[in-house]
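Dear colleague,

I am passing on the structure we spoke about, together with some notes on what came out of going through it. Please read the notes with the structure open beside them.

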Amino acid sequence: MRMYDLIYTKKEGGRLSDEQIAFWVAGVTSGAVPEEQSAALLMAICWRGMDTRETLALTLAMRDSGARMDLAAVPGVKVDKHSTGGVGDKTTLVLGPIVASCGVPCAMFSGRGLGHTGGTVDKYAAIPGLRVELSPDAFRASLRATGFANSAQTGDICPADRKLYALRDVTATVESIPLITASIMAKKLAGGCEALVLDVKCGTGAFMKTPEQARALAQSMVAVGQAHGMRVKALVTRMAEPLGWAIGNALEVMEAVEILKGGVDSDLARMSLRLAAEMLILGGAAGTLAEAGAMVDAAITSGRAMASFRAWVAHNGGDPAALDDFSLLPGSRRTVAVTAPAAGFVQAMDSRALGLLAMELGAGRRSRNDQLDLGVGIRVEVQVGQWVDAGQKLLTLYCNERDGNPLPDGWITLGPAPCEPSPWLLESF
Ligand code: URA
């Protein structure tokens, strides 16, 4: 087999065989395929696309390029959730303990944040002592003992994806539905889950800017998962303004705990509880959304979900007292209030701009090796559709070393016309 033929076939709009795709990915992993040939093939895939059979072949070849988590000995349908990334997205912190407390094993791998989007691993790292990088044995032990395991993905999972992603990053080939699908699904399959709920974010603060792009990605990931015999559900959700009031790691732990303790009525709470319900259905614990929703509500009102969170934190070396006494979480030395320059209805808030502001304060990474300040961040004090008076507080900035000045232009739009926030759920597949 020659890489030249694969590139030529795809350039002409042909389809690659499973064997050709496996040959390419094996060559990427070993270093036998030169980067210029992979780059040419990536660009040809960007333009010509891949069908579901080819995308599944790429997914499986990337999954098999490194280590795989073996969860076969843990009873039950192991479920995971993937979000394509947003600002203030702490749904995993909410749904993990709920799903585990309903008896469905929740086996999740999460990422670290980069740029304006936060990472779940960083939010967990704000809980004092909590181990966020688990060995395979520690991961399985957590899953058996508490029904929940969450770890940063280790370097030996999907090495082909890491190499190809680095190449895509410098060759303008990240934005390709089959390449994104294979990259995400390969890592999820290597993580050992049997059922997966996908939260495909759509909007200014997300990877997928338009409903059409988000729908295409959701449908592609569902098609590949189902072609592999996996139980998959995708929700396309809005990512225009930040999710919830908290941006920043310790602050996001606090907001997740508030929701788990009950009585919070917000889009973030509704989204987290819906994702948890979908996981219960895929995990076989409920037959309908109504049944799953009632289980989720009962887990919260009975206190079982919080008990499950405390038990999981304690099992993994963390201090569960920090979930009830927030002064034990990392904090900030001072706060700065950002106030409204004029009166008006909040028309829009730009989650990307606020994510970048949080990054400037130290809550996020500009580049991969940056150290985070887990105690800093932003409290968003208003919501889209709300009337604000001139001088009213819009944001509270929690600061240590940096103060976030100047504020990003256009982070908020105020206007005279009343407006409603659009629904958080756009579509489901
Ligand atoms: N996230 C991934 O893991 N891979 C992609 O290709 C894009 C987003």
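Which element supplies the largest share of the shell around the ligand? That share, four residues, comes from α9. Please bear in mind throughout that this is a predicted model.

To begin with the ligand site, the ligand is surrounded by Y165, R168, I180, S183, I184, K187 and F207. Two helices, α8 (residues 159-170) and α9 (residues 177-190), each supply at least two residues of this shell. When the shell is sorted by class, four of its residues are nonpolar, one is polar and two are charged.

In R168, a polar side-chain atom lies 2.9 Å from an oxygen atom of the ligand, and in K187 a polar side-chain atom lies 2.5 Å from an oxygen atom of the ligand. For S183 the ligand atom is a nitrogen, which is 2.6 Å from an N or O atom in the side chain of that residue. As for the cover that the protein gives, the ligand taken alone exposes 240 Å², and the protein buries 82% of that.

Just after α9, G192 takes a positive phi of about 90°.

Turning to the strands, there is an open sheet of four, in the order β6-β9-β11-β7, and its pairing is antiparallel. The strands β6 (residues 246-247) and β7 (residues 334-339) stand at the edges, and each has a single partner strand, so one side of each is left without a neighbour in the sheet. Within this sheet, β9 (residues 377-380) and β11 (residues 393-399) run antiparallel and are joined by four bridges.

With best wishes

Key. Residues numbered from 1 in each chain as written. Predicted model: local features only at pLDDT ≥ 70, side-chain atom pairs only at ≥ 80, totals over all residues. Heavy atoms only, no water. Near = heavy atom within 4 Å. Polar contact = N/O pair within 3.5 Å; in protein donor to acceptor, adjacent residues only side chain to side chain. Areas by Shrake-Rupley, 256 points an atom, 1.4 Å probe, with all protein chains shown as cover. Nonpolar A, V, L, I, M, F, W, Y, C, P; charged D, E, K, R; others polar. Pairing = 2+ DSSP bridges.
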